[in-house]
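Dear colleague,

Please find the structure below, handed over for your own reading.

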Amino acid sequence: MPARELASVKDLTVKFRYNIALDGITLDLKGNRVLLLGSNGSGKTTLMRVLSGILRPTEGSVKVLGLDPFKNPSKLYSRMLYVRDVEDIPYMMRVSSVIDYLSDLYGPEPVKNAVETLGLEEHAFKRVGELSKGLRRRVAMIEPLASNRKLILMDEPFSGLDATSRIIIAKALNDLPKKTGLVIASHIPLNLGIDQMVVLEGGKLTYSGPYKEEVAGKYLAWMEFDSKKPINHPAD
Ligand SMILES: Nc1ncnc2c1ncn2[C@@H]1O[C@H](COP(=O)(O)OP(=O)(O)OP(=O)(O)O)[C@@H](O)[C@H]1O
């Protein structure tokens, strides 16, 4: 069976005043799990923002789940969720209120399951602002886990998290039903059964294909840091 298409962009360019964030990218995102890899400033978030219809490209066309995000935003938003790299939940809200609100939207059962998967039961009565960054990120993960959307775009789900929170979130993402398409932008090349790996560097597409250890390895070079060896940048 051919891999299903999650999104496609053609000749996509995004220019800001002083720089080009994406430079003429043509790309199909296919399969159930797509990893978008790249160094700081390579254009990952810009691509996510274009795919989610937040940022209009300077040039080029975009289709997400077969829809133009700038012409059909409401139809797309009922099928797709964009989880940004910062948590949007108001700090004064209690976790229990977030759970109530999401239960109202998606039903109590999937929300309860997500809360359990994320290990949040014991934190329900705390306010979001009292939580550590890792716990806040876990609260932000309730909606993507419970929402049963066709596509989830997730920007840097692991950044700034300790090993426990990373493992809990990686496991939760890994357990999402395969019918939920997942595009993860990350500096960390975690292989969650990745169907397609896309690498951006300097706003250009440098790789698109199956998960490749040798490409991923460049982004893990910091783990082999040796003060006596020269530092290699993944873009080199
Ligand atoms: N609103 C903006 N105004 C001006 N330049 C921007 C804006 N947003 C992004 N850029 C620039 O576009 C380029 C790509 O940024 P982007 O945030 O997409 O990269 P990224 O791969 O997500 O980086 P990081 O991993 O650091 O989050 C960078 O040079 C950045 O400075």
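A residue is called buried here when its relative accessible area is under 20%, exposed when it is over 50%, and partly exposed in between, using a 1.4 Å probe and protein chains only. The model is predicted, so local features need pLDDT of at least 70 and side-chain atom pairs count only at pLDDT 80 or more, while totals for chains, interfaces and linings use all residues. Residues are numbered from 1 along each chain as its sequence is written, and side-chain values use heavy atoms, with hydrogens and water left out.

I begin with Leu51. This residue lies in helix 1 and counts as buried, because its relative accessibility is 2%. Helices (H or I, at least four residues) and strands (E, at least two) are DSSP runs, numbered from the N terminus. Which residues does Leu51 touch, not counting residues up to four places away in sequence? They are Ala7, Val9, Leu29, Val62, Val64, Pro69, Leu76, Met80 and Leu153, where contact means heavy atoms within 4.5 Å. By contrast, Ile167 stands 27 Å from Leu51 in space, C-alpha to C-alpha, and 116 residues from it in sequence.

Of its 8 residues, 6 are buried, so helix 1 is largely enclosed by the rest of the structure. The buried residues are Lys44, Thr46, Leu47, Met48, Val50 and Leu51. Just after helix 1, Gly53 takes a positive phi of about 80°.

Three strands form an open sheet in the order 2-1-4, with antiparallel pairing; two strands pair if DSSP finds at least two bridges between them. Strand 2 (20–30) and strand 4 (59–64) are at the edges with a single partner strand each, so one side of each has no neighbour in the sheet. From one strand to the next, the twist averages 15°. Strand 1 (residues 5–15) runs antiparallel to strand 4 and is joined to it by 5 bridges; in strand 4, Glu59 is the bridge partner of Thr13. Helix 1 (residues 44–51) packs on this sheet and touches strand 1, strand 2 and strand 4, its direction making about 115° with that of strand 1. Axes are lines fitted to C-alpha atoms, for helices over the stretch in contact, and angles run from 0 to 180 degrees between N-to-C directions.

A pair of helices also deserves mention. The axes of helix 5 (residues 133–140) and helix 7 (residues 163–174) come within 9 Å and cross at roughly 10°. Helix 5 is therefore roughly parallel to helix 7, a term for angles under 35 degrees. Gly134, Arg137 and Arg138 of helix 5 meet Ser165, Ile168 and Ile169 of helix 7 in this contact.

Finally, the structure holds 5 salt bridges, each being a side-chain nitrogen of Lys or Arg within 4 Å of a carboxyl oxygen of Asp or Glu. One of them joins Lys171 and Asp175 at 2.7 Å, N to O; Asp175 is partly exposed, with a relative accessible area of 46%. Another pairs Lys71 with Asp68, whose closest N and O atoms are 4.0 Å apart. Lys71 is exposed at 67%, whereas Asp68 counts as buried at 19%.

With kind regards

Definitions and conventions:
Angles under 35 degrees count as roughly parallel, over 145 as roughly antiparallel, 65 to 115 as roughly perpendicular and the rest as oblique.
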